[in-house]
Amino acid sequence: LYNFSLKKMTLPLKNTVFPMILLKLEEWFLYKLLANSCYKAAMKVKNSRIFFKNSSFRSSHQIPLYPNISKCNNLRKSETVICDIQSTLLRSESFFPYFMLIAFEGGSILRALFLLLSSPLLFVLDFEAKLRVMVFITFCGMKIKDVECVGRAVLPKFFLENLNVRVYEVMKSAGERMVFTSVPRVMVEGFLKEYLSVDCVKGTELHCFGNYFSGFVSSSGILIKHRALMEVVGEKKPDIGIGNSSLHDHLFISLCKEAYVVSKEDEKAKSILPREKYPKPLVFHDGRLAFLPTPLATLTMFMWLPIGIPLSIFRILIGICLPYKVAVLLGKLSGIRLRVKGTDPPRSENDKGVLYVCTHRTLLDPVFLSTSLGKPLTAVTYSLSKMSEILAPIKTVRLTRSRQKDGEAMQRLLSEGDLVVCPEGTTCREPYLLRFSSLFAELADEIVPVAMNTNVSMFYGTTASGLKCLDPIFFLMNPRPCYNVEILGKLPKELTCAGGKSSHEVANYIQRQLGAALGFECTNLTRRDKYLMLAGNEGVVEDQNSRINTPN
C-alpha cells in the first residue's frame, strides 16, 4: 500500500517539473529583456547631447535655466563671484592634460606613459572614478615640493593660454573671487591666487604621508561644490555664480543671487586671451613640454621619441665632427631650420677681435652663431655642465663672477680672436629681454649686437630645475627646430665707452636695439628673479672653491 501511494504521488510531481522549468526560463528571459531595454533607453537619454549637436535643435527643444555669461555686465567691487576652474574658467572640459604635465614634469616619463595607457579606461569611467584613477597614477609617491614647483612654474602658462575670456573678464571686475573645484587644490591654487588674485580656493584635498603624496584623496573625499560653498558662506548668498550646463553646476550656482552659464557657441569665449591682456606678465616658465599634452598629442610624442632621440644625437655629431658648410647642409636635410639675416661686418685694423653680444635663448646660441658666420668663435659663460662642455663644437671658457678676473680673462680672449657673450646671464623663453650686464661694454670698442630667437613645437631646450646637460638634446629632438639669427650693424664708436658713454648706457642701448629687432619687451629682471620664481632658490650652488651660479 505504501509503495502504491508513493508511485501515485510521484506521477504528478514528474508531470509538473518541466512546466516549472519553462516558467523559470520565461521569467529570466523577460527580466533580461526588460533590463536591457531599460539600460539602452537610459543610455540614449544620457548620450542624447552627443547626437543632438545642432544648435537650432537644442534651442527649439530646450529652455536654458540660466542666461549666458555674455549677459553679465561688469560687476561692482563690492560684489562676489564664484565659479569652477574646470569647463568654466578654462575653456577645455578635460583636465587630463594638466595631470599629464604634473606626471611628466614633476614625475618621470614612465609615470607619464602609465597615465597615457590609462586613457582608454578613463574614457569609460564616470567622473569620480576617472578623477581618482588620474590622481593615483599622477601623485602616488611624488614629493609635495615637486608638485608645488610644477604648479608654480609649469602650469600657469597653459592655464593662461586656455582661459575663457568671458569668465575672466567677469572675475576681473569683481571685488571678491572664489573658486570651488573637484580637481586637486594643489594643482590650481598657486595659479589662481598669484595670477587671478582669487581670495578663496577650495578643491579636493590629497592624502599625504610625510613629504610624499599617497595617491589617494583625503578622508573628506572628492569635493562637492555646492556643499563646500554652503560651508564657506553659510546663509549669505554670493552675488554671481558662473557654471557650465551640467546639472551639478546648476545646483552649485543656484545658491547665488544671480547665475550664468558658459556657452560653447560664444565666439569670444572660444578666443585666446592676448598676451598683453594677461593679468600678470608671463616672463618665466619651466618644463620641457612645449605643447598641451592631450591624449592624442601625448601619444604622438611617445611615437616620435624612438625617432627623435637618435635624430638628436645625429644632429649633435654632425655639428661636432663636420665642417660648417657640410654641417649646415646635413642639418637642413635633417629638419633644422636656420634663418640668417644680415652679414658679418668687416673687422677694423686693430689686433683685437670682435665682441658679439647675443640674446640668450638656449645653450646653443654661440654654436648657431658660429655656424651662421662660418668661423670659429669663443663663448664665455658663468657655468657650464660637463656634458655641454664636452659636446660643444666651439671653445668655451668659464667665468668666475669676479668682475676684475672676468674682465681680464675676456680681454685676453679678445686679443686672441672673436668672442661671444650673452649679457642676460640666463635664458628666457618668452618675448622679453632680461637686464644686460654692463661688463662687456667696458672691454671692447667693436661690438656687434646679434638678435637670436628659437621656435620649437614639442620640447623646450632650457630648464631651471631639470638636468641642464640634456638641454641641447631636448632642443634637437624637436621634429623641426628653428633658429633665427639676425646680425645687426656694428655699434658706432660714439655709442661705445670709447666715445664717452658709460658702460650702463651702452648695455641699455644694445638691449633696446635687440628688443626692437625681435619685437621683445625689455625688462629689469635678472637671473636671480628667474630662479627665485621657478626653482625657489637664487640659482646658486656651493662649489668647493667658490660660490658659483648654476648653468644658464
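Good morning. Phe-96, Phe-99, Met-100, Ala-103, Phe-104 and Gly-107 in helix α5 meet Ile-109, Arg-111, Ala-112, Leu-115 and Leu-116 in helix α6, where contact means heavy atoms within 4.5 Å. By class, this contact divides into nine nonpolar residues, one polar and one charged; Ala, Val, Leu, Ile, Met, Phe, Trp, Tyr, Cys and Pro count as nonpolar, Asp, Glu, Lys and Arg as charged, and the others, Gly among them, as polar.

Before I continue, a word on the source. This is a predicted model, in which local features need pLDDT of at least 70 and side-chain atom pairs count only at pLDDT 80 or more, while totals for chains, interfaces and linings use all residues. Residues are numbered from 1 along each chain as its sequence is written, and side-chain values use heavy atoms, with hydrogens and water left out.

I turn to the geometry of α6 and its partners. Two packed helices are described by the angle between their axes and the distance between the axes. Helix α5 covers residues 96-107, and its axis lies 7 Å from that of α6 at an angle of about 155°. Axes here are lines fitted to C-alpha atoms, for helices over the stretch in contact, and angles run from 0 to 180 degrees between N-to-C directions. The helices (H or I, at least four residues) and strands (E, at least two) are DSSP runs, numbered from the N terminus. The two helices α5 and α6 are therefore roughly antiparallel; angles under 35 degrees count as roughly parallel, over 145 as roughly antiparallel, 65 to 115 as roughly perpendicular and the rest as oblique.

Next comes helix α8, residues 127-139, whose axis comes within 9 Å of that of α6 and crosses it at roughly 165°. That makes α6 roughly antiparallel to α8. In this contact, Arg-111, Phe-114 and Leu-115 of α6 meet Met-134, Ile-137, Thr-138 and Phe-139 of α8. Five of these residues are nonpolar, one is polar and one is charged.

How do the axes of α6 and α16 cross, and within what distance do they come? Helix α6 (residues 109-117) and helix α16 (residues 295-321) have axes that come within 11 Å and cross at roughly 130°. That makes α6 oblique to α16. On the α6 side, Ile-109, Ala-112, Leu-113 and Leu-116 meet Pro-295, Thr-298, Leu-299, Phe-302 and Leu-305 of α16. This contact has eight nonpolar residues, one polar and no charged residues.

Finally, a pocket. The second largest pocket holds about 790 Å³ of space. On a 1 Å grid over the protein atoms alone, where a 1.4 Å probe fits, a pocket is an open set of points with protein on both sides within 12 Å along at least five of seven lines, and lining residues have an atom within 4 Å of a point. Grid points are joined across faces, edges and corners, and a volume is the space filled by probe spheres set on the points. The lining has 45 residues, of which Leu-364, Pro-366, Val-367, Phe-368 and Pro-393 lie nearest the centre of the pocket. Among the elements that give two or more residues to this lining are α16, α17 (324-333) and α18 (365-373). By class, the lining has 33 nonpolar, ten polar and two charged residues. Thank you.
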